[in-house]
Amino acid sequence: SSDYGDKVSDPSKAIEVQKLPGMVKEGDTLKAIVTGTVKSVCQKKGCWMKMDMGDGNTMMVHFKDYGFFVPKDCSGKKLVMEGIAFLDVTPVAQLRHYAEDAGKSKEEIAKITEDEKELTFEASGVIISNE
């Protein structure tokens with residue numbers, strides 16, 4: 001396996017990434033060690049990745065202080081990572097602004113009435129298995 005960033009304190013304590021959504025409350029951050037499968041990686045320089053959440057969804061992963069990158073070819077690999085999970089909330093006003101920029105109709109824009117919550121992870125350390 002290969003290490004990136006800080007050393008993961010105790011890989012044996014890792015929880016499945018699929019369990020995170022039920023554990024993170026809005027407005028809170030959760031320190032966690034998680035394990036899962038990489039779905040996709042930034043193809044410019046490996047500065048973010050998305051984890052497969054097993055239900056068709058993905059979770060965005062950034063790296064603490066942009067202090068390290070991961071290999072661009074790690075899609076499909078298993079990993080263990082340590083860091084904090086939180087809900088990144090995009091407010092209605094911002095979502096409507098994006099919709100406007102995208103040329104959506106007034107009717108479509110009016111239908112946007114809820115903030116969009118996306119589970120996000122900031123990793124301080126990552127271990128990628130070489131298998």
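**Strand pairing, nonpolar core and an aromatic pair**

In strand S7, Leu 119 is the bridge partner of Leu 87; strands are DSSP runs (E, at least two residues; helices are H or I, at least four) numbered from the N terminus. The model is predicted, so local features need pLDDT of at least 70 and side-chain atom pairs count only at pLDDT 80 or more, while totals for chains, interfaces and linings use all residues. Residues are numbered from 1 along each chain as its sequence is written, and side-chain values use heavy atoms, with hydrogens and water left out.

**Strand pairing**
- S6 and S7 pair in the antiparallel sense over 12 bridges, where pairing requires at least two DSSP bridges between two strands.
- S3 and S6 also pair in the antiparallel sense, over nine bridges.
- Thr 35 stands opposite Val 80 in S6.

**Nonpolar core**
- The largest nonpolar core has 24 residues, and those touching the most other members include Leu 20, Met 81 and Phe 121; such a core joins buried Ala, Val, Leu, Ile, Met, Phe, Trp, Tyr and Cys residues through side-chain atoms within 4.5 Å.
- Strands S3 (29–41), S4 (48–52), S5 (58–63), S6 (78–90) and S7 (116–128) each give two or more residues to this core.
- S7 gives the most, with five residues.
- Beyond four places in sequence, Phe 121 touches residues including Leu 20, Val 34, Met 59 and Ile 84 (contact: heavy atoms within 4.5 Å).

**Aromatic pair**
- The whole structure holds one aromatic pair.
- Phe 63 and Phe 68 form this tilted pair, at 4.9 Å centre to centre and 40° between the planes; ring centres of Phe, Tyr and Trp (its six-membered ring) must lie within 6.5 Å, with planes under 30 degrees apart stacked, over 60 edge-to-face and the rest tilted.
- Phe 63 is buried at 2% relative accessibility, and Phe 68 is buried at 11% (buried: under 20% relative accessible area; exposed: over 50%; partly exposed in between; 1.4 Å probe, protein chains only).
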